[in-house]
Amino acid sequence: MHTVLGLFHPHLEDALCEEDDRQKQQDPFVPLLILVPSGSLRRRLKILFARERRLSLINFHVLTFHQLSLELYRECYGCRPEHLADDLYLQEVLRQFLRVNSAAADRFTGLEEKIGGCAALWQTLRDLKDGMVDPAQTLEAAREGYFGNEDGERVSRLALFYQDFLSHYAGSSIQDYSDLDAWAAGQAPSSAFLKQFRRIYYYGFYDLTQVQLDVFQAVARHFPTTLFFP
């Protein structure tokens with residue numbers, strides 16, 4: 001993997017345009033792929049290439065990380081996932097889970113009745129899920145004193161609740177965006193879609209969740225990749 005470091009403007013933009021121009025001079029039809037973290041950055045690059053620099057966009061693909069995961073799913077199953085749960089849906093799942101009053105949920109009883117309570121708790125659980133935190137390992141670390149006495153108790157309560165919620169989540173056959181990304185990390189190395197590109201460019205991210213990092217590493221290990229890092 002090759003890495004280019006610099007400011008978004010002008011260093012990374014200039015370097016990316018120069019790279020595209022170099023590749024297209026060798027072969028105007030060479031397939032290239034740029035992967036970006038957001039739709040807004042994707043729009044910026046399209047404007048940069050098409051309007052400002054007047055560069056060739058033949059066989060030139062710009063996808064967000066999420067669009068790549070969707071494309072890998074489509075490649076494997078011939079369609080896109082029928083339903084991916086969003087935050088609002090999962091907050092309601094969490095609210096109903098709290099109302100079940102399981103042993104772990106008792107520690108957070110009452111949050112479901114507070115304005116923003118489930119939203120705040122779900123964001124914490126989502127961070128743990130996106131980070132691929134193992135609740136069993138977390139509980140073991142707390143028992144061994146890695147978090148101290150007071151913080152260890154708090155971590156243990158959260159880890160127990162998270163473990164209980166994950167079991168409920170898995171039994172409900174719910175799939176969200178991080179589940180799709182985790183699946184894509186395993187699919188990427190054998191992807192014919194990715195194999196078609198002479199080079200893949202990761203552009204403009206400076207912070208990834210663990211599951212997104214796993215996808216990036218799976219791509220970079222198996223395909224010629226350049227990282228443009230701000």
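**Overview.** I counted 10 helices and five strands in the protein chain. Helices (H or I, at least four residues) and strands (E, at least two) are DSSP runs, numbered from the N terminus. This is a predicted model: local features need pLDDT of at least 70, side-chain atom pairs count only at pLDDT 80 or more, and totals for chains, interfaces and linings use all residues. Residues are numbered from 1 along each chain as its sequence is written, and side-chain values use heavy atoms, with hydrogens and water left out.

I boxed the C-alpha atoms along the principal axes and got roughly 65 × 40 × 35 Å. Of the chain's 230 residues, 42% count as buried (under 20% relative accessible area; exposed is over 50%, partly exposed in between; 1.4 Å probe, protein chains only). I then looked at contacts (heavy atoms within 4.5 Å). Among those between residues at least 6 apart in sequence, 78% join residues at least 24 apart.

**Sheet.** In what order do the five strands lie? I read β1-β5-β4-β2-β3, an open sheet with parallel pairing. Two strands pair if DSSP finds at least two bridges between them. β1 (2–5) and β3 (60–64) are at the edges with a single partner strand each, so one side of each has no neighbour in the sheet. The twist from one strand to the next averages 20°.

I checked β1 against β5 (residues 225–229): four bridges join these parallel strands. Leu5 sits opposite Phe229 in β5. α10 packs on the sheet and touches β4 and β5, its direction making about 150° with that of β4. Angles run from 0 to 180 degrees between N-to-C directions, and axes are lines fitted to C-alpha atoms, for helices over the stretch in contact. Helix α2 (residues 39–52) lies across β2 (32–36), β3 and β4 (199–203), at about 160° to β3.

**Helix pair.** I took α8 (residues 177–187) with α10 (residues 210–222): the angle is about 25°, and the axes are 8 Å apart. The two are therefore roughly parallel (angles under 35 degrees). From α8, Ser178, Asp181, Ala182 and Ala185 meet Val211, Gln212, Asp214, Val215 and Ala218 of α10.

**Lys129.** Leaving aside neighbours within four places in sequence, I found Lys129 in contact with Tyr162, Tyr169, Asp176, Ser178 and Asp179.

Methods. Angles under 35 degrees count as roughly parallel, over 145 as roughly antiparallel, 65 to 115 as roughly perpendicular and the rest as oblique.
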